[in-house]
Amino acid sequence: MSKIAQVISVLPDKIKIRVTDINEFKVDSEKFTVGSYLRVSDHEDGALLCMIENFSIEKKEVKNSEETKDDYILEAAPIGFIDSNGNFTRGGNNIAIPPTGVELAKKVEVQQIYDGIDENAKFCFSKLLQDHQITVPVEGNKFFNKHIAIMGSTGSGKSHSVTAILQKAISEKKDNGFSLNNSHIVLFDIHSEYKSAFPEANFIDVDSLKLPYWLMNGEELEELFVESGENQSYNQSSVLRRVITLNKKIQNSDIENITFDTPVKFSMKEVINCISNLANETKNSKKPNSFCIKDDNKEFLEEEEKLRYYFNSILEFDETKQGSISKGNYNDGSLEKFKSRITTKINDNRLAFLFGDDSYNITFEDTLRTIIGYNPDKKSNITIIDLSGVPFEVLSITVSLISRMLFDFAYTYKKLIDVGQENQPLPILVVYEEAHKYVPKIKNAKYNSSRVAIERIAKEGRKYGISLMIVSQRPSEISETIFSQCSNFITMRLTNPDDQSYVKRLLPDIVGPITDSLPTLREGEAILIGEAINMPSLVRIDMCNPEPTSKNIQFLKEWKEPWFNFDISKITDILKR
């Protein structure tokens, strides 16, 4: 074989090989393509394994003939050294000079590239693209403990890949191998795709989701109620902070050091009462501390005393009168629109999961148990939160609130382990589908709360047993802070040039031009790179069963019945609710 193929050039990151008879060289190979592996031998007991990156063809004249023959010049990237015992070591600097022969790598040798993982830690969800008989395992703990990014254009197979990975991770633990049976997975499902794929999951949709408004922190409350672009946004934020903080202190008098961010109950009705009174108040022009409440003028020596009184009900104030009755400090119209916006939102039926009649009575414990608790009937350790029915204007706030709760739970649980009150680790994996929709790169107040919450998990979560899986079709639009913390990448077909160039800069471990295949990958094919895998590889993700409902809607040649016979009130009735 060495006479057919010879090394003609050795560079630090590339080897050139001349093949004089390509058919004889590949005769024993089932599949010989760019991406196939070569074995470059030397005089020692071992060989350098290389991956073919590209090839060219040289026309050569046949001696004493007018015919020409083709020589193939293969360019291959050294990926590692395999010794006589079958042990694989990454790196391409172990080849002796001169190399003595070149042949196609044996299947068993290629498998050895990926087999240097302890059996109890081995987690498999893909096969080598060049040979589907070769499994490509990852080290389970390194894969799930370090953040994961799954990227790909629409139709590249992201949802199926997420499903395949999670289904294998939560399946019953075999005699050996890796599983996530001591953990809990929380999946944010933006398009209602995953219920069919995980029939045993703890499923929460907008009708069963209960996130009481009082669990929101200050940033989330401001994002919900204050329009950042308005001239009076600063004054509105200031009033909101002061009023809510005081009401929290009144409602929770047994708790000390309450702030705007403290997750304790407060009365939304009383907050609206207070803001309405501030917006309409009038006062005695000659006695600044005397406020002209109809039939009951009140003098308040302290601002807090006035706010406490204003919580009780919406009051009527005397009309302004030149020289005797003037407008209050906030009665300049700046709070009227603010009050109207708050009232509209808390009465919006679509936001019943935040402001429903029972929101005040729901406990912090009940909310946490719903999100991370195992389903008592199905014993499932995955929670699917279907956010398809959540209005887009509160999507980022909803994701932010749940993300914060999960981080705070993981942080506190780790502290309990440290002091010996708990001894069973409980890792949490949070899957963010369509992450570009609520944690974009742009610095916009609308997405600030979700970006801060998810970036905190990205930067600090690993220490407390909470990790991320970021899934997106537009990686170039996601916060760079989050992607910079990811250690494992599954990159599927990307057609947008901005996304392609962004991913090429982002990936931490690249073999040659492996990322040049991004726009040509087929559905289910991916580049698998990261700390958890021995070698960056082109793979095909295993099939999932059952599948998510993410297939494209089919366009038919003809309808079973004309579209104009459809009862459109079925749609409008739902939208009116």
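## How much is tucked away

Of the 577 residues in the protein chain, 50% count as buried, where buried means under 20% relative accessible area, exposed means over 50%, and partly exposed lies in between (1.4 Å probe, protein chains only). This is a predicted model, so local features need pLDDT of at least 70 and side-chain atom pairs count only at pLDDT 80 or more, while totals for chains, interfaces and linings use all residues. Residues are numbered from 1 along each chain as its sequence is written, and side-chain values use heavy atoms, leaving out hydrogens and water.

The protein chain has 16 helices and 22 strands; these are DSSP runs numbered from the N terminus, with helices being H or I of at least four residues and strands being E of at least two.

To count as a pair, two strands need at least two bridges between them in DSSP. Strand 13 (residues 282-284) pairs with strand 14 (residues 287-291) over two bridges, and K283 has F291 in strand 14 as its bridge partner.

## Zooming in on T282

T282 belongs to strand 13. Is T282 buried or exposed? With 3% relative accessibility, T282 counts as buried. Its neighbours beyond four places away in sequence include F291, F317, I325 and N331, a contact being heavy atoms within 4.5 Å. The T282 side chain also reaches the backbone oxygen of D318 at 2.9 Å.

## Salt bridges

The structure holds 32 salt bridges, each one a side-chain nitrogen of Lys or Arg within 4 Å of a carboxyl oxygen of Asp or Glu. One of them joins R350 and E393 (2.7 Å, N to O). That pair links distant parts of the chain, 43 residues apart: R350 is in the loop between helix 9 (336-346) and helix 10 (352-355), and E393 is in the loop between strand 17 (382-386) and helix 12 (395-418).

D366 and R369 form a salt bridge too (3.4 Å, N to O). Both sit in helix 11 (residues 364-372), and because they are three residues apart, about one helical turn separates them. D366 is partly exposed at 37% relative accessibility, whereas R369 is exposed at 54%.

Note on methods: A polar contact is a pair of N or O atoms within 3.5 Å; within protein, one must be able to donate a hydrogen and the other to accept it, and residues adjacent in sequence count only if both atoms are side-chain atoms.
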